[in-house]
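This report walks through one protein model, from a single peptide bond to the overall fold. Have the sequence and the structure at hand.

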Amino acid sequence: MKIKTLVVDDDVNWQKIIGKFVQMHPNLELVGVCGSAMEGYGKMSDVEVDLLICDIEMPEMSGLSFVKSIRHRPFVIFVTAHRDYALDCYEVSPVDFLLKPLELDRFLMAIEKVKERFVNVEETSHVEPYFFVRENSNYIQIAYKDVLYMKAQENYLQIVTKQASYSPIVSISKMEEQLRGEVFMRVHRSYLVHRSAIQAITKNEIVLTSGDSIPIGEQYRNQITRKHIEGNLISRIL
């Protein structure tokens with residue numbers, strides 16, 4: 001499994017050099033090269049990123065501020081021509097801090113550190129993701145894989161699983177923000193669905209494996225197509 005790597009640097013020459021280093025490495029996959037933090041934001045919303053190789057001194061937003069703002073942070077390697085930034089950067093626990101001009105052997109050493117951490121994460125990721133909801137004085141553990149969909153009600157959220165239904169007092173936006181990864185997808189202002197529970201997508205509805213039909217909100221239609229259909233569509237050739 002390759003480590004999906006994004007490069008963010010405002011210097012075109014360094015974009016080419018770092019990008020080439022990434023492409024040369026057998027364990028890395030270059031998923032994008034961006035010239036600013038805002039470009040990086042956009043790319044990270046479209047593709048999965050395991051490793052971010054990021055410059056620090058950039059216009060509009062520094063690399064450090066960019067990394068601090070990422071909620072689900074990938075592994076980070078900072079690259080900069082300014083040694084003085086090193087202490088500030090370690091508050092976000094980067095894997096490594098590389099000084100320009102960047103040497104290939106030093107880059108390879110940093111990637112070895114990434115590989116070690118990546119393997120450790122992979123070894124512990126066998127635990128199925130879950131979250132808790134509170135019912136009376138009890139905390140109920142719900143596995144992601146058991147959830148079919150979530151529906152916003154007046155002042156609570158109805159969470160429908162394969163076994164039962166729960167109604168914690170939480171907004172659908174807050175729940176969407178707290179859920180990890182790409183398992184759940186917002187398909188309507190009132191609905192989140194588990195992507196693996198989708199059986200069919202019609203013009204106006206999503207049909208789940210349970211037989212439930214979930215309406216598609218017009219503002220979410222493009223997102224559903226981009227995140228769930230594109231790249232997975234096999235067309236029949238007549």
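## A cis proline and the basis of the model

P101 lies in the loop between β5 (96-99) and α5. A cis peptide bond joins K100 and P101, with omega at about 0 degrees. Helices (H or I, at least four residues) and strands (E, at least two) are DSSP runs, numbered from the N terminus.

This is a predicted model: local features need pLDDT of at least 70, side-chain atom pairs count only at pLDDT 80 or more, and totals for chains, interfaces and linings use all residues. Residues are numbered from 1 along each chain as its sequence is written, and side-chain values use heavy atoms, with hydrogens and water left out.

## Overall fold

The protein has seven helices and 15 strands. Its C-alpha trace spans about 60 × 60 × 35 Å along the principal axes. Of the 238 residues, 42% are buried. Buried means under 20% relative accessible area, exposed over 50%, and partly exposed in between (1.4 Å probe, protein chains only).

Contact means heavy atoms within 4.5 Å. Among contacts between residues at least 6 apart in sequence, 49% join residues at least 24 apart.

## Two nonpolar cores

In soluble globular proteins, nonpolar side chains tend to be buried together. A nonpolar core here is a set of buried Ala, Val, Leu, Ile, Met, Phe, Trp, Tyr and Cys residues joined through side-chain atoms within 4.5 Å. The largest such core has 20 residues. Those with the most contacts inside it are I18, L51, I53, I77, L102 and F107. Two or more residues come from each of β1 (3-8), α1 (12-24), β3 (51-55), β4 (75-80) and α5 (104-124). α5 gives the most, with five residues. A second, separate core of 19 residues includes F66, V67, F78 and V92.

What does L51 touch? Leaving aside residues up to four places away in sequence, L51 touches I3, K4, T5, L6, L28, P74, F75, V76, I77, I111 and V114.

The 13 residues of α1 should span 18 Å at 1.5 Å a residue, and the end C-alpha atoms are 18 Å apart, which agrees. The expected span is 1.5 Å times one less than the number of residues.

The buried residues of α1 are W14, Q15, I18, G19, F21 and V22. They lie on the same side of α1, because they cover an arc of only 155 degrees around the axis. That arc is taken from the directions from the helix axis to the C-beta atoms. The face turned away from the buried side carries the exposed residues N13, K16, K20 and Q23. An α-helix has 3.6 residues a turn, so residues three or four places apart point the same way.

## Positive phi in two loops

E60 sits in the loop between β3 and α3 (63-69). Its phi is near 75 degrees, a positive value in a residue other than glycine. E60 is exposed, with a relative accessible area of 74%.

S93 is found in the loop between α4 (86-89) and β5. Phi of S93 is near 50 degrees, again positive in a residue other than glycine. S93 is exposed, at a relative accessible area of 54%.

## Hairpin and open sheet

Two strands pair if DSSP finds at least two bridges between them. β6 (residues 130-135) and β7 (residues 138-143) run antiparallel and are joined by six bridges. They form a hairpin with two residues between them. In the turn, N136 has a positive phi of about 55 degrees. E135 stands opposite N138 in β7.

Three strands form an open sheet in the order β13-β14-β15, with antiparallel pairing. The edge strands are β13 (198-201) and β15 (213-215), and each pairs on one side only. The twist averages 25 degrees from one strand to the next. For such angles, axes are lines fitted to C-alpha atoms, for helices over the stretch in contact, and angles run from 0 to 180 degrees between N-to-C directions. β14 (residues 205-208) and β15 pair over three bridges. The bridge partner of I206 in β15 is I214.

## A152 in β8

Where is A152? Its place is in strand β8 (residues 147-152). A152 is partly exposed, with a relative accessible area of 22%. A152 touches L157, I172 and S190, not counting residues up to four places away in sequence. The C-alpha atoms of A152 and S167, 15 residues apart along the chain, are separated by 9.6 Å.
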